[in-house]
Amino acid sequence: MVQLVGSLRKELADSLSTCKVLVVGAGGIGCELLKNLVLTGFKNIEVIDLDTIDVSNLNRQFLFQKKHVGKSKAKVAQESALQFCPSANITAYHDSIMNPDYNVEFFRKFVLVMNALDNRAARNHVNRMCLAADIPLIESGTAGYLGQVTIIKKGMTECYECQPKPTQKTFPGCTIRNTPSEPIHCIVWAKYLFNQLFGEEDADQEVSPDTADPEAAWNPEDTAARATASEKDGDIKRISTKEWARSTDYDPVKLFNKLFKDDIMYLLTMDKLWKKRKAPTPLDWQQLENSACPQEESPVSGLKDQQILGVWGHCQLFQHSVETLRQQLHEKGEGAELVWDKDDPPAMDFVTAAANLRMHIFSMNMKSRFDVKSMAGNIIPAIATTNAIIAGLIVLEALKILSGELDTCRTIFLNKCPNLRKKLLVPCVLDPPSNNCYVCASKPEVTVKLNVHKTIVLSLQERILKERFGMVAPDVQIEDGKGTILISSEEGETEANNSKFLSDFGIRNGSRLQADDFLQDYTLLVNVLHSEELERDVEFEVVGEAPDKAPPPQTNQEEVNSITNGNKDSAQPSTSSKAPAEDDDIMIVDSDDEEGAPSSSAAAPCSTKRKHLDEDIGETSSKRPRMNQSSAAASPSNNDDSDIIALD
């Protein structure tokens with residue numbers, strides 16, 4: 001007769017009380033997970049989170065209370081969880097999991113790692129550390145009513161990076177600066193403007209008219225006389241936006257007339273831009289003030305953040321926010337800079353006002369502050385019950401692993417609505433590792449197309465190796481027979497190389513670079529493919545990795561009958577094929593409601609798994625088509641139906 005301790009077999013209960021597990025993240029999923037772990041019988045838990053508690057967290061992260069706002073999430077979660085089980089041994093770290101202190105040896109002391117993260121960079125890193133330490137990882141994520149849990153085990157399953165992830169959607173600079181056609185273009189422009197005026201200037205975030213726009217194909221010398229930019233208010237062609245703004249002491253009216261009148265009139269001189277599109281209409285502060293209706297100043301009914309102000313209302317909001325931000329700069333002292341934060345009211349007011357005024361100029365419908373904040377901050381809806389369900393599923397999969405039943409583990413999708421077979425939770429068998437994965441393959445290798453005469457060493461390090469391939473501290477050696485060190489993780493050792501072009505080191509078409517990240521115990525061989533035909537604003541391309549151009553998946557009967565239906569989002573070790581997006585696809589985005597880079601979740605199950613490019617807001621997303629009626633009818637019941645919750 002099986003001996004039980006509570007609802008668990010005694011052997012498993014004993015295992016829970018002695019094994020050491022790591023929880024990465026103490027937010028929406030992390031709070032629920034930590035509570036579940038101590039109540040299930042886990043006694044030795046370590047939790048790590050870099051974030052602090054914000055008021056907006058309190059509606060779903062129930063381990064936190066109002067008195068905890070501003071404190072460490074990990075520390076408070078530890079204290080609250082101990083109230084459920086005082087005998088538990090919980091260690092909390094208020095730190096980043098990407099800190100070099102948490103190396104492979106740190107990970108090896110755990111039996112199991114559970115992710116409750118909200119960004120791709122950290123997910124990539126934990127994935128690699130678990131692979132290097134050969135420790136099972138349970139990955140998870142939610143987005144609104146959607147959720148997903150999956151298992152990653154070296155040599156047995158796909159790793160988090162086995163399938164290509166859609167890159168963050170970006171917009172050409174000339175579109176942002178000259179010809180915005182969607183509200184998101186104006187919102188991005190307004191965020192750039194905030195940095196240009198109050199934050200850290202970035203040459204790639206210029207907001208003034210782009211005279212190098214190839215579509216304009218104009219001669220500035222021939223048409224400069226037609227531009228009516230005011231010399232008194234500053235010549236947009238001679239000094240930076242920040243320098244000019246400082247010279248006016250951030251005068252809101254002068255700023256307004258430069259940005260929404262002078263710059264727009266300058267754009268109108270680029271005749272070719274407006275032959276096939278509606279030309280913008282400049283705004284003048286004095287005219288708007290003289291014609292302002294008293295009604296616009298009256299309060300509008302409804303929630304403040306969901307109101308859409310009139311043009312003059314946004315002018316006043318612009319003025320008030322500039323004055324407030326100017327005061328903040330003065331209080332910080334000479335040379336101070338501000339950092340844009342969606343939760344900072346003056347910063348959010350500034351972006352809302354500037355974006356809406358630009359929308360009006362370019363004949364778009366203006367947006368509420370709520371809508372602007374959602375797009376500007378990459379906010380993804382978070383629902384407490386979704387987090388609770390996913391956290392419960394994580395623990396159930398953890399129990400399978402600790403019971404030695406890894407073969408019974410599944411990727412599980414939580415859907416918003418039952419599918420045609422009335423299934424709300426859908427398990428899918430775990431996919432095997434991809435032979436072409438540049439992380440978990442026996443000899444990871446990629447081919448990168450770039451222009452060796454235009455790509456500098458710093459771009460290789462920051463944009464390609466760190467941002468694209470997720471390295472933390474890469475060392476790069478050229479396979480040229482000499483062992484030339486191109487990049488060193490030792491501070492200052494190769495700093496002189498940063499501004500040099502790759503071609504300066506003899507790197508050409510066919511060159512091979514060995515990139516090592518000792519923190520991640522990871523080596524990547526980079527094959528260089530030189531090209532002078534990259535698209536405008538494209539620095540590099542990873543050859544053979546373009547989710548939007550991949551062939552559609554096969555739909556043979558064997559696949560239709562397979563249990564491997566369902567999709568794994570861009571933040572998960574996922575799919576086996578790709579296809580064009582469909583109108584009724586469900587969008588998969590990041591977990592919780594934090595910024596960034598999106599990640600894992602799920603959608604309604606389908607007969608094949610697919611992956612798609614991001615739709616709009618930021619990092620990533622995936623979409624998956626729904627199973628059609630005929631496919632559902634043709635698909636027989638499978639052996640995993642006992643693991644599926646049906647709504648009758």
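Predicted model: local features only at pLDDT ≥ 70, side-chain atom pairs only at ≥ 80, totals over all residues.

Visitor: What span does helix H14 reach from its first C-alpha to its last?

Guide: Helices are DSSP runs of H or I with at least four residues, strands are runs of E with at least two, and both are numbered from the N terminus. The expected span of a helix is 1.5 Å times one less than its number of residues. Helix H14 (residues 345-361) has 17 residues and reaches 24 Å, close to the 24 Å expected. Ser363, with a positive phi near 60°, follows H14.

Visitor: How many residues of H14 are buried?

Guide: Buried means under 20% relative accessible area, exposed over 50%, and partly exposed in between, with a 1.4 Å probe and protein chains only. In H14, 15 of the 17 residues are buried.

Visitor: At what angle do the axes of H13 and H14 cross?

Guide: Axes are lines fitted to C-alpha atoms, for helices over the stretch in contact (heavy atoms within 4.5 Å), and angles run from 0 to 180 degrees between N-to-C directions. The axes of H13 (residues 311-332) and H14 cross at roughly 145° and come within 8 Å. Among the residues making this contact are Phe318 and Leu325 of H13 and Phe350 and Leu357 of H14.

Visitor: How many salt bridges does the count come to?

Guide: A salt bridge is a side-chain nitrogen of Lys or Arg within 4 Å of a carboxyl oxygen of Asp or Glu. By this rule there are 22 salt bridges. In one of them, Arg123 pairs with Glu139, with the closest N and O atoms 3.0 Å apart. Arg123 lies in helix H5 (residues 120-133) and Glu139 in strand E7 (residues 137-143), so the pair ties together parts that are 16 residues apart in sequence.

Visitor: Is Arg123 buried or exposed?

Guide: Arg123 counts as buried because its relative accessibility is 0%, and Glu139 is likewise buried at 0%.

Visitor: Which residue forms a salt bridge with Arg463?

Guide: Glu467 does, the closest N and O atoms being 2.8 Å apart. Arg463 and Glu467 are four residues apart in helix H17 (residues 457-468), so about one helical turn separates them. Arg463 is partly exposed at 31%, while Glu467 is exposed at 54%.

Notes. Residues numbered from 1 in each chain as written. Heavy atoms only, no water.
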